[in-house]
Amino acid sequence: MSKIQDSLNIIKHVSVFRLWNLVLLKGSYVFSKWTKKTRLKGLPFALSIEPTTACNLSCPECPSGLKQFTRATGKLNLDFHKKILDSVGKQVFYINYYFQGEPFLNPQFLELIREAKKRNIYTATSTNAHFIDSEKAIEIVNSGLDRLIISIDGLTQETYANYRVNGELSKVIEGTKNILRAKNELKSHTPHLIFQFLVVQQNEHEIAALHQMAQDLNIKDVRLKTAQFYEYKHGNILMPKDENYSRYKKLKDGTFALKYKVGNHCWRMWSSSVITWDGSIVPCCFDKDAKHILGTIQNQEFQQIWTAKKYKLFRTSVLLHRNQIDICQNCSEGAKVWI
């Protein structure tokens, strides 16, 4: 029932104007995919906006946790956030307030959510849940946040900390309970809670127990996510032994390759965009270090960037030779990410 309520909640944010924009986007994408000639009608219906690049953990496959960014670090300013919302257009009805970093390390994070809700935009975020005390849980529910993904990547402190380095499993569970309690007290269906479990070799044996824990806590939505590795050709100590939980397969020569073939197309280049905390526009969430900046809202309107030659050339390169683009070479688009 919880999943159905979440789906209906998304639909409630779709107006006739927003639906027509989505039709235009899909039509131009299908035309571009089959003709290999970029056509663009409409503006993105979804965005990822980065609240901050800061993170309290040091996850081994995350540039934010490892402090390996070459781009500037910081947090999104409230006034600048309003400028972004004014620039992106009224057709946007879904914003994921997450790119890199831990969103709740931005002390004004829930103000971002409230501003988006004023514009009838569905809001989502992903968190390691270390900063959700009972008071913060009440604030989260009252903010109107629609979806909260909680990363729980192990059921013992040992397995959890194997990937979530410097993390405490007890804080994740307590934060989850605080949200559930706040939703109950305020009689709210939102935020829709998702337990996200990144499957790695050290925790793959806990999957059955994860579903039992979710049932005990009354979490209705559990999602197993396959892990992305930057170095995978010769294996990785985190790679699951069961290939059903992996994005990679072992070849006859002992090396590894992506299990899924991805063609010269990508719906994300038409449907959505990513905005960093300082207003840079990058193609998608795989450009974690913002190597392919297509423009910046600091000195341009979003719609100018979205339709400009630079963005068009990037879309065309995806249609013609996607496998030659660095951020596309380990991409999940077209792959089985959720199990």
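Begin by selecting Leu 78, His 81, Lys 82 and Leu 85 in helix H3, which meet Glu 111, Leu 112, Glu 115 and Ala 116 in helix H4; contact here means heavy atoms within 4.5 Å. By class, this contact of H3 with H4 has four nonpolar, one polar and three charged residues. Ala, Val, Leu, Ile, Met, Phe, Trp, Tyr, Cys and Pro count as nonpolar, Asp, Glu, Lys and Arg as charged, and the others, Gly among them, as polar.

Before continuing, note that this is a predicted model, in which local features need pLDDT of at least 70, side-chain atom pairs count only at pLDDT 80 or more, and totals for chains, interfaces and linings use all residues. Residues are numbered from 1 along each chain as its sequence is written, and side-chain values use heavy atoms, with hydrogens and water left out.

Helices (H or I, at least four residues) and strands (E, at least two) are DSSP runs, numbered from the N terminus. Axes are lines fitted to C-alpha atoms, for helices over the stretch in contact, and angles run from 0 to 180 degrees between N-to-C directions. H3 passes H4 in a right-handed crossing; a crossing is left-handed if the near helix is turned anticlockwise from the far one by less than a right angle, and right-handed if clockwise.

The crossing in which H4 passes H5 is left-handed. Leu 110, Ile 113, Arg 114 and Lys 117 of H4 make the contact with Lys 136, Glu 139, Ile 140 and Ser 143 of H5. This contact has three nonpolar, one polar and four charged residues.

On the H5 side, select Ser 134, Ala 137, Ile 138, Ile 140 and Val 141; on the H7 side, select Asn 178, Ile 179, Ala 182, Lys 183 and Glu 185. These residues divide into six nonpolar, two polar and two charged.

H7 (residues 169–185) also lies across strand E4 (147–151) and strand E5 (192–199), running at about 160° to E5. In the loop between helix H6 (157–163) and H7 lies Asn 166, which has a positive phi of about 75° although it is not a glycine. In the loop between H7 and E5 is Pro 191; the peptide bond from Thr 190 to Pro 191 is cis, with omega near 0°.

Now turn to the strands. Nine of them form an open sheet of mixed pairing, in the order E6-E5-E4-E3-E2-E1-E9-E10-E11. Two strands pair if DSSP finds at least two bridges between them. Strand E6 (221–226) and strand E11 (295–296) are the edges, each pairing on one side only. Zoom in on strand E9 (residues 272–275) and strand E10 (residues 280–282), which run antiparallel and are joined by two bridges. Ile 275 stands opposite Ile 281 in E10.

Finally, select Tyr 29 and Trp 267, an aromatic pair that is tilted, with 5.2 Å centre to centre and 55° between the planes. Rings of Phe, Tyr and Trp (its six-membered ring) pair if their centres lie within 6.5 Å; planes under 30 degrees apart count as stacked, over 60 as edge-to-face and the rest as tilted. Tyr 29 lies in helix H2 (residues 16–35) and Trp 267 in the loop between strand E8 (256–258) and helix H9 (268–271), so the pair ties together parts that are 238 residues apart in sequence.
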